[in-house]
Amino acid sequence: MTELIELSAIEQAALIREKKISSVELLEATLTQIEKVDGRPGSLAPYVEQPEDLEKVHAFLLITREHAMAKAKEVDRKISSGEPVGPLAGVPYSAKDVYCTKGIQTTAASRILEGWKPSYSSTVIEKMDQADAVLIGKVNLDEFTFGGTTETTAYKPTVRNPWSYNRVPGGSSGGSAAAVSSCEGAISLGTDTGGSIREPAAFTGIVGLKPTYGRVSRYGVIPFASSMDTIGPLTRTVSDSALVLKEIAGFDPRDNCTVRVPVDDYLFDLQKGIEGMRIGISPDYLKITYLDDQGNYATAPVDPEIEASVWKAAEVLRALGAEIIEDVPMSNTKYSVPAYFVISRIEAYSNLQRYDGLKYGHSTQQSVKDMYDLYYKSRGEGFGYQAKLRLLTGMFASQEKFYEKYYRRAQRARALMRRDFDEAFDPNGQYRLDGILTPSTPSPAFRFGDAVASDSLLIQFADQFTTPMNFAGTPGISFPCGISQEGLPIGLQITGYDYCESKILRTAYAYEQATKDADWRKMKPAALR
Amino acid sequence: MMEYIATIGLETHIQLNTNTKAFCSCKADSWGDVPNTNICPICTGQPGALPSTNQAMVEKALMLCLAINADINMDSFFDRKNYMYADLPGGYQVTQNDRSIGRGGYLDFLMDDGREVRCHIHNLHMEEDAGKTKNEGDIRLIDMNRCGVPLVEMVTMPDLHSADEAATYLTRLRQLLRWLGISEANMERAHLRCDANVSISPKESNELGKKCEIKNINSIEAVRTAINFEIERQIREINAGRKIEQWTIEWDNDTQELRKMRSKETAADYRYFREPNLMPVHISEEFLESVKLKMPELPIRRRERFINELGLPAYDASVLTTEREISDFFENACKIYNGDNKRVSNWMMNEVLRVMNETGCTVSELKITVRDLADIIQMVDQKTINTTTGKNLVDMVQKTGKRPKLLVEEQGLGLVSDDAAIRDISAKIVSSNPKEATSYQNGKESLIGWFVGQVMREMRGKADPEKAKEILLELLKKN
Amino acid sequence: MEDETISVEMFNEFVQVAELELTAEESESIRKKMNEQLRVIHELESIPLDDQLAPVIHGNPYPRDIQAPLREDVWRPFANTQDIIDQAPRSQDGYIVSPDVPHQKLG
């Protein structure tokens, strides 16, 4: 039998329900794996790199051993006494440390929240608890999710890519991706505001699902940009993502932006296959578009291995009965870059205003002359570089004198780029698509430091294929589709229309099943070797 | 010396009397609660918490829009007003900036001298309240109980020209709010707060001076005082050859003085943008209709009706439309009494309002019912009791809660109209006061009143004074 | 493209309003970054927007039939109010404590 920890959540839950293993047993196996591969947890203490740090994953900020053990025992008790249990009974999972957990430290990977223990839990954490999943810990991320590499965390050492320790795991849900890919729990909950679930999933060879905005409650999840933040799972299999989504999706009166749209039976729907589905490929998602020095739009090709994998996957889907529609124009997508930038920075700035050193978290120990001085020093000490940069950029862009010029214009550009999606998915339109197949990222995982130091366009625009869905509100799933010659995972994305998670999950699942015996699937991350 | 005219605009913050706060399910009213006990993750700005809009807030704001004839935005938006302060846990206030629920409209009111003033409203928007802070030595104590309480901010045009007009506007607004039942409008409890923009200009000039904003004025008296202080200060400044600068000034009610606020607290740029966590407020036709159905007749309309249809003098109509409950009480009493409405008005103003004043009770706390009042007036009309007894009855009913007819019966308050009894007493009075009888007979006829009084006193008010007078006239003539 | 570089003075003013103490290196580096990013922001101006395009708050539309209804006005007290106050770095008698904010009196 494959090791317990390598099983999918569905398989683990089945074994527990069938009393072949106990929940406690699985928890212990998972904690042992964490001990084996994770190394020391990220901390705010001054960081001095140790040689052993370089060979560890460092996904976790906190292991909630006692809570987890109590929950595992409760599940075992329920099962032995014949009580009904939830679909995720006994399955260990981790949560990105922006999910509020009552009484359990929640950091957003920022010093400004030092020591904070929330008085409440997020809706999704409650739903996972109702599904009888076992929370084993909180995982690292970019500070306030501001980044795509998990390098901006205030908690060091930061997360390393389990496939290649000198590569970033992606971000901002880097801890989630690394934890799942190195079998430290089959599920991790992440957040995605510009690709923060899908990019790290692609970089670590796992599945990452960003649902439609409003499909899953954001209540109790520390925000980045409130009009784009989404909540979703990172898992090793498509079915696991389908199951988790079913458990966490739905209308929540505590999140005004959730919708009263019925939740599909995503897991059941996977079996429907993709016969007759129309999958588009857009030239606008096979190249990087950027402004050159003269201020004109220029393009650059994506990594050739990545582009090749798109066409290969298209063939696989075609063979499964899908219709592949090429040359779908998504030409307004390029406008989402500045518009996304302005709106996300403004919302982020405002969302950071509440951290003041008075109510919770870090408060300066220096002497202060008045309330404002306390703010000034506490925030100066508490926020990291990237948070400061985004806060100030957001302040700049949100000045009242620029309201029409920047904010309103960005809101209108948002409507414009949304048209691309509306037209591509219009059931009476020219394309009538069910999904669009795109690369998740323009390149595989890059090296530490490159996000700042490298001027490679593929790194600078690592989120170009993922931010449009946050801007448009549409769902996207990243799933593994191969290993590069350098031995790094490659991820593809299927994006769909609003609330059509079922279709993109089906597509990713069909691909996963069709390629389950492919050679590349036998390769394992370094952390598991 | 140059004469100046003041121009005043008011921004009023009205605390709505909903059950819960604007965006969370905490109680709206924390009066008397221990600090920081009526709070939750949402109203205290805990990371990750999200707002959800209270339907009752929208409904009550809509009632106010209808009452002041505002244009209603069927789709209005919430915005974030970004600034940092100790009493604002979220770092921004959720409010409505450029697309608020109501725009325009006006409030008409009468000054004591009978002058009618129309104050135009600029806009009316919903927002959340901030918390409370208090100084203790060199620290500030923060109580978040009030954070998130639903407010309507109503901003007037600069249509007011004296502290008096401002105070009267506020009085009328307070009346309207209570009338609509949307706010307790108790200024002492800060249900109704006022910021005043004050500027002055020479009487012959149209040019407005720079305005100063006075914040936190928390009683109608304070509005009058603070505005007068500020007008005087501005005149002093100008007369001293200085320029008025656009300041934000805080009114300190304890010390009765104006204080300039630190410039940082008045930073002009609030970086408004749409609150992405909330849906726009959509008012459907059905919702609007249901709110219209709940709208009571407005005081100004009812006052007109009292004058035109019930035939009340303007003064009576004003007094009897200060509070909706008083007004309803009066009108219902009129219906039962079904006679001269002015007579009911007199009894209302002289007796019922007196009892309320003396006992400090509200209409709903009155023991005397509409039916009781009508009964008392009718008993007086029918001479079952005299007027004095009627007046006393109002107090007795209020004290005992017993019905007036029962009290008359139990205590034998009914008028003695038996000729013989009155005749006996009258004869006794005439014979024991020969001096007065002689004076009367010598032509001092005004003494008849004195004789009637003596008889009434002797009979402890139970005699029908008309009857007594008739008998006395007869007895005195005989002599 | 209009010249709108963020000067040191302008930047320092932002830092003050942002209540954000920066080291000299942070100031220098963040200001430089922001000026680079202005290029991205200015791209907005070249986006062809027709009059039909109304501003949107969210990407996906919210037809009324799926929108969250307004919240019912029913009191539901939060049980753990003390947990909220316990998180404050400084508190006293149930209040959260802040340093004072000085005022200037008007003569």
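## Chain C

Of the 107 residues in chain C, 30% are buried, a residue being buried if 20 or more other C-beta atoms lie within 10 Å of its own, exposed if 12 or fewer, and partly exposed in between, with C-beta atoms placed from the backbone. The structure is a predicted model, in which local features need pLDDT of at least 70 and side-chain atom pairs count only at pLDDT 80 or more, while totals for chains, interfaces and linings use all residues. Residues are numbered from 1 along each chain as its sequence is written, and chains are lettered from A and ligands numbered from 1 in the order in which they are written.

Chain C has three helices and three strands; helices (H or I, at least four residues) and strands (E, at least two) are DSSP runs, numbered from the N terminus. Along the sequence these elements follow the pattern α-α-α-β-β-β. The radius of gyration of chain C is 24 Å, well over the 13 Å that the globule rule gives for 107 residues, so chain C is more spread out than a compact globule. This radius is taken over C-alpha atoms, and the globule rule is 2.2 Å times the number of residues to the power 0.38. Along its principal axes, the C-alpha trace of chain C spans about 55 × 50 × 40 Å.

## Chain C against chain A

The contact between these chains takes 63 residues from chain A and 44 residues from chain C; two residues are in contact if their C-beta atoms, placed from the backbone, lie within 7 Å. On the side of chain A that touches chain C, the elements giving two or more residues are helix H10 (336-351), helix H11 (371-382), helix H12 (385-397), helix H13 (403-425) and helix H16 (467-472) of chain A. The largest share, eleven residues, comes from H13(A).

By class, this side of chain A divides into 36 nonpolar, 14 polar and 13 charged residues. Ala, Val, Leu, Ile, Met, Phe, Trp, Tyr, Cys and Pro count as nonpolar, Asp, Glu, Lys and Arg as charged, and the others, Gly among them, as polar.

## Chain C against chain B

Chain C also touches chain B: 33 residues of chain C are in contact with 40 residues of chain B. Helix H3 (81-86), strand S2 (95-99) and strand S3 (104-105) of chain C are the elements that give two or more residues to the side of chain C that touches chain B. S2(C) gives the most, with five residues. This side of chain C has 18 nonpolar, seven polar and eight charged residues.

S2(C) also pairs with a strand of chain B. Strand S10 (residues 139-143) of chain B and S2(C) pair in the antiparallel sense over four bridges, where two strands pair if DSSP finds at least two bridges between them. In this pairing, B:Arg140 stands opposite C:Ser98 in S2(C).

## Domains and a sheet of chain B

The domain assignment of chain B gives domain 1 (4-289), domain 2 (297-411) and domain 3 (419-478), with bounds that come from an automatic or database domain assignment. The C-alpha centres of domain 1 and domain 2 of chain B lie 37 Å apart. Six residues of domain 1 of chain B are in contact with six residues of domain 2 of chain B. Helix H2 (residues 163-180) of chain B gives the most to the domain 1 side, with four residues. That side has three nonpolar, one polar and two charged residues.

Chain B also has an open sheet of three strands in the order S5-S4-S16, with antiparallel pairing. Its edge strands, each pairing on one side only, are strand S5 (92-95) and strand S16 (273-274) of chain B. Four bridges join strand S4 (residues 79-82) of chain B to S5(B). B:Asn82 stands opposite B:Tyr92 in S5(B).

## Nonpolar cores

A nonpolar core is a set of buried Ala, Val, Leu, Ile, Met, Phe, Trp, Tyr and Cys residues joined through C-beta atoms within 7 Å. Of the 260 residues in the largest nonpolar core, A:Val342, B:Ala166 and B:Ala196 touch the most other members. The largest share of this core, ten residues, comes from H2(B). Leaving aside neighbours within four places in sequence, the contacts of B:Ala196 include B:Ile8, B:Leu10 and B:Ala166. Apart from this core lies another, of 43 residues, among them B:Val370, B:Leu413, B:Ile429 and B:Ala468.

## A:Ser43

A:Ser43 is placed in the loop between helix H2 (23-37) and strand S1 (60-63) of chain A. With 12 C-beta neighbours inside 10 Å, A:Ser43 counts as exposed. Leaving aside neighbours within four places in sequence, A:Ser43 is in contact with A:Tyr155 and A:Lys156.
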